[in-house]
Amino acid sequence: MSDHGVLPSDMDPPDALRCTPPGVDFGTIDRLLAGRLEEADAPPGYEGVAELVAAATPPVDPDELAGEQAAIDRFVAIARAHSPTPTPRGAGTPGRPVGVKAAALIVVAVLSIGGAAAAATGRLHRPPPSGAGRTASATTDGRAARPPTAPPSTAAAPAITASPPRRTTPPPRPGLAVALAHFGEVLTTAQRQGTVDPAAADLLHLARDVGRAVQAGNGEDAHKQLADLERKVDELIQQGKIRSVAAGPVREAVAQFRAAVHRFRLSAQATGSRGSGQPDAAAGGPEDPPAPGRGDPPDDRGSGQDR
Amino acid sequence: MIGSSFPAVLAAAQDGDEQAFAVLWRDLQPAVLRYLQVAAPPVAEDLAADAWVSVIRGLGRFRGDERAFRGWLFTAARHRVVDWRRQVARRPTQPLPDGLLVGWVAPDDPAAAVLEAHSTRAAYQLIAELPHDQAEVLALRILGGLEVAEVARVMGRRPGAVRALAYRGTRRLAQRLEAARVAGRRVTG
């Protein structure tokens, strides 16, 4: 970036002075920068900006995600360093009664599973006027009212090695909603890549039904639906509607989903009441006070202190 | 955007679920990397990794929605940029190692490259050549996908100032690109 208020003289062709674009309103600038104005719709003189925005925001390139494993390694290393006493995920406290807040969070979890699945299949329905949307936004808004917590200190953070040893302890396991969201992501990614037929979107509906059944305490139904889901996956693979390159990731995602369903059932049984396991949305804890609407600064400096 | 499942994904990541973290990372890494390729091109990937480490360390205390999380990550990334720029300014001038310049060969005329070849690299270069504040605002708006108020929070400025910087930067880009378009017409005509 240039540090001065003018362009270097050798960068601007002389034509620039004769090509001053007409003024436009802030709203148009906003739409241009957000990529909501195509070149054809851009005001005169700003077609090039619309082209620039399009050129600057191409679809995600796999190279841009090349560092994923390293990032996950860092995450695991830091998470482990900050969790000296590992607690099994998904294990509810035996005998603990389900409070009103916990029940509300379970409802949010069920609804968010539906939302995730619907979003992943592109069949997101408008939420009912007093149902999912309101419940979910109430949770979000409620969290937004929490006073800011102190920013985390980085002083005591562990040193991160490039390749920390992995799998020395059992890795964290995804919960029901996350496993379902992951399954949806695998499917939609494969669909975008053309390795899965659009008909496979039904798999996600089946998975969502499984999630609902298990969270409603209908373990037997969930078990049957899960078997249907796996059978359907096998059929689609045999029919070539899930191509071999995508078969592995899809099967793996289904297996993870199955494991998450199983864990959820176990935790529900442990608490002795149906649906009382720890759904993902409740991970913050029923007693969690609401949170601020924006994140804490990521380190001990406030934003913009450099100038 | 992750959308309606974001709260569940965030909660799971805060609980140590690496797959949930991967969902967050995959959603935001391209945007933050693109921003850094404009703000600090030689070290974009390193700074992105540093920003994520900062976010991971504070993840357990984060409270907010998906937009707030995005803003938080970009705040971390911008802090890394500011640190890097300070370090560069303090160091005596040294030639960059060749390795840092691989893949960052700018076209001779980035404006023409944007118009004719829709070159992403040229688009980044054009933004980066703007005055610093304007370039930063446009990078956060276009590449980071942040709204005006979010950019204002990330940069610690007023929304009105951000809007004005965006306006001036956009007009300057338009002027540059229109000049290239006219020159192209002249050449081909």
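Beyond its neighbours within four places in sequence, Y35(B) is in contact (heavy atoms within 4.5 Å) with F74(B), A77(B), R78(B), V81(B), E136(B), A139(B), L140(B) and L143(B). The model is predicted: local features need pLDDT of at least 70, side-chain atom pairs count only at pLDDT 80 or more, and totals for chains, interfaces and linings use all residues. Residues are numbered from 1 along each chain as its sequence is written, chains are lettered from A and ligands numbered from 1 in written order, and side-chain values use heavy atoms, without hydrogens and water.

Y35(B) belongs to the largest nonpolar core, which has 91 residues. Such a core is a set of buried Ala, Val, Leu, Ile, Met, Phe, Trp, Tyr and Cys residues joined through side-chain atoms within 4.5 Å; buried means under 20% relative accessible area (1.4 Å probe, protein chains only). L52(A), F21(B), L36(B), F69(B) and I142(B) are also among the residues with the most contacts inside this core. Helix α2(B) gives the most to this core, with 14 residues. A second, separate core has 31 residues, including A179(A), L180(A), L203(A) and L229(A).

Chain A has 10 helices (DSSP runs of H or I, at least four residues) and 0 strands. Buried residues make up 39% of its 307 residues. Among contacts in chain A between residues at least 6 apart in sequence, 73% join residues at least 24 apart.

Helix α4(A) spans residues 68–81. Its buried residues are E68(A), A71(A), I72(A), D73(A), F75(A), V76(A), A77(A) and I78(A). Their cover includes α1, α2 and α3 of chain B.

Key
Helices (H or I, at least four residues) and strands (E, at least two) are DSSP runs, numbered from the N terminus. Buried means under 20% relative accessible area, exposed over 50%, partly exposed in between (1.4 Å probe, protein chains only). The expected span of a helix is 1.5 Å times one less than its number of residues.
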